[in-house]
Amino acid sequence: MPTWELNPGRPALAHVPPTAGLAEACAWLRENETALTAALHEHGTIFLRGLPVAQPADVAAVRDVLIPEPTPYREKATPRSDFGDGVFSSTDLPPAQPIRMHNENSYTLTFPGRLLFACLTAPESGGATPTADVRKVLAGLPDHLAARGRSSGWTLTRTYSDYVSLGWRTAFATEDRADVEAYCRENGISWEWQTDGNLRTSQLRSATIHHPHTGEEVWFNHLAFWNEWSLDPDIREAMVDEFGPDGLPFNTGFGDGEPLSREDVDALNAAYDAATVRETWQVGDVMLVDNVLCAHGRDPYRGDRKIAVAMGRPVDLLDCRPTVDPTAARTAGPSTAPTAVPA
C-alpha cells in the first residue's frame with residue numbers, strides 16, 4: 001500500500017518499494033491499482049518515485065498497467081516527437097517558453113481521462129510539470145467569471161498555418177479537405193477555408209464539467225491558456241500587427257460571443273497560480289494526472305530534458321454533465337457558429 005507524502009506546494013508523492021526490475025514494478029502497480037486510483041481521485045495528481053523507467057518502452061509498460069485504454073491525440077496544437085507504441089514527448093516547444101495551465105484536449109468531445117508523464121532525462125534546472133487542481137481553481141474564481149462560464153461556455157477560434165503553430169494537415173493528420181470537413185461536422189466545429197489555403201475554425205465548449213466518477217464540478221477549458229491576454233505583451237502586439245485581431249493562431253472568448261478582458265484573464269491565471277503544485281523531476285519519476293481534476297503546464301528549463309507522455313482512459317464530454325450542450329453544434333459547417341444550449 002503506497003504511503004503518501006503531502007507537502008505544501010507539492011503533489012502527493014509515494015516512494016515505490018525497491019524491485020528486481022520492470023516486471024516486478026508493474027506487478028506492484030497492478031496490486032495497488034485500487035489504492036492509486038483512490039489517491040488520484042483525492043489529490044488529482046500523484047507522483048511515483050523509484051520506478052525502473054529509463055526508456056520509452058518502459059513508459060509503455062507502466063502505461064499498459066495504469067492506462068490500459070489509449071486515447072488518440074486529436075486536433076493537434078503543439079509539436080511532439082513520437083517515441084513509438086503510443087508514447088510521445090510531452091512537447092517540443094523551446095525550453096525558454098513556459099506553458100500555461102490547461103486540461104489536455106478540453107476542446108474535443110472525447111478527451112483523455114488520465115495522463116502519464118515519465119522522466120527519462122532530468123533537466124539541469126527548471127522544467128517541472130506543474131499541475132493545478134481545477135476543483136480549487138473553480139472555487140478560487142470571482143463569482144461572476146464562474147457564473148459566466150457555466151451559463152455561456154467558451155469558444156475557441158483557431159487559424160491553422162504552417163507559418164505559425166501547426167498547419168491543418170498536421171493538426172488533422174490528413175491531406176484531404178473533405179476529411180477535415182467531415183471531422184468538423186461530426187464534432188460541432190464551424191470552418192472556413194482562407195484564400196491562402198489555410199483553415200480557420202470555431203467551436204463552442206462547456207467551461208465547467210463534472211467528473212464522470214466523483215461527480216465533482218471542475219473548471220475544464222483552455223479559456224485562459226489560449227487567450228490573447230495571456231501572451232507576453234510584446235508578442236501579442238507583434239502578432240496582432242502581423243495577423244490582425246481576428247487572425248491570431250489561437251484565441252478564446254465567452255460562449256455568448258463576448259471577449260475576455262485583460263482583468264478577466266489575469267483573474268483566471270491567478271486562480272491557477274494559487275492552486276499550482278510542482279515537483280522537481282528525477283530520472284524514473286512517473287506522474288499520473290487525472291485530466292478532468294487537474295490542469296498541467298511546463299516550467300522553462302536549462303539543459304537536456306526528456307519527459308515522455310502517454311494518454312488514455314477516454315472520457316466522453318456528454319458523460320460529464322456539461323452546462324453547454326455541444327450536440328447543438330454538430331451540424332456546424334462553413335461560417336456557421338455553434339449555439340449555446342444550457343444543460
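Visitor: Does Ser 161 count as buried or exposed?

Guide: This is a predicted model, in which local features need pLDDT of at least 70, side-chain atom pairs count only at pLDDT 80 or more, and totals for chains, interfaces and linings use all residues. Residues are numbered from 1 along each chain as its sequence is written, and side-chain values use heavy atoms, with hydrogens and water left out. Buried means under 20% relative accessible area, exposed over 50%, and partly exposed in between, with a 1.4 Å probe and protein chains only. Because its relative accessibility is 12%, Ser 161 counts as buried.

Visitor: Between which strand and which helix is Ser 161 found?

Guide: Helices (H or I, at least four residues) and strands (E, at least two) are DSSP runs, numbered from the N terminus. Ser 161 is found in a loop, with strand E9 (154-160) on one side and helix H6 (168-172) on the other.

Visitor: Which residues does Ser 161 touch, not counting those up to four places away in sequence?

Guide: Contact means heavy atoms within 4.5 Å. With residues up to four places away in sequence not counted, Ser 161 touches Leu 166, Gly 167 and Asn 198.

Visitor: Are H1 and H3 roughly parallel or roughly antiparallel?

Guide: Axes are lines fitted to C-alpha atoms, for helices over the stretch in contact, and angles run from 0 to 180 degrees between N-to-C directions. The axes of H1 (residues 22-31) and H3 (residues 56-66) come within 9 Å and cross at roughly 20 degrees. Angles under 35 degrees count as roughly parallel, over 145 as roughly antiparallel, 65 to 115 as roughly perpendicular and the rest as oblique. The two helices, H1 and H3, are therefore roughly parallel.

Visitor: Where is Pro 112 placed, and is it buried or exposed?

Guide: The place of Pro 112 is in strand E6 (residues 110-121). Since its relative accessible area is 1%, Pro 112 is buried.

Visitor: How far apart in space are Pro 112 and Met 311?

Guide: Met 311 is one of the residues that Pro 112 touches, beyond those up to four places away in sequence. The two are 199 residues apart in sequence, while their C-alpha to C-alpha separation in space is 5.8 Å.

Visitor: Is Glu 75 buried or exposed?

Guide: Glu 75 has its place in the loop between H3 and strand E3 (82-84). Its phi is near 50 degrees, a positive value in a residue other than glycine. With a relative accessible area of 2%, Glu 75 is buried.

Visitor: Is Arg 321 buried or exposed?

Guide: Arg 321 lies in the segment after strand E19 (306-316), and its phi is also positive, near 50 degrees. Because its relative accessible area is 52%, Arg 321 is exposed.
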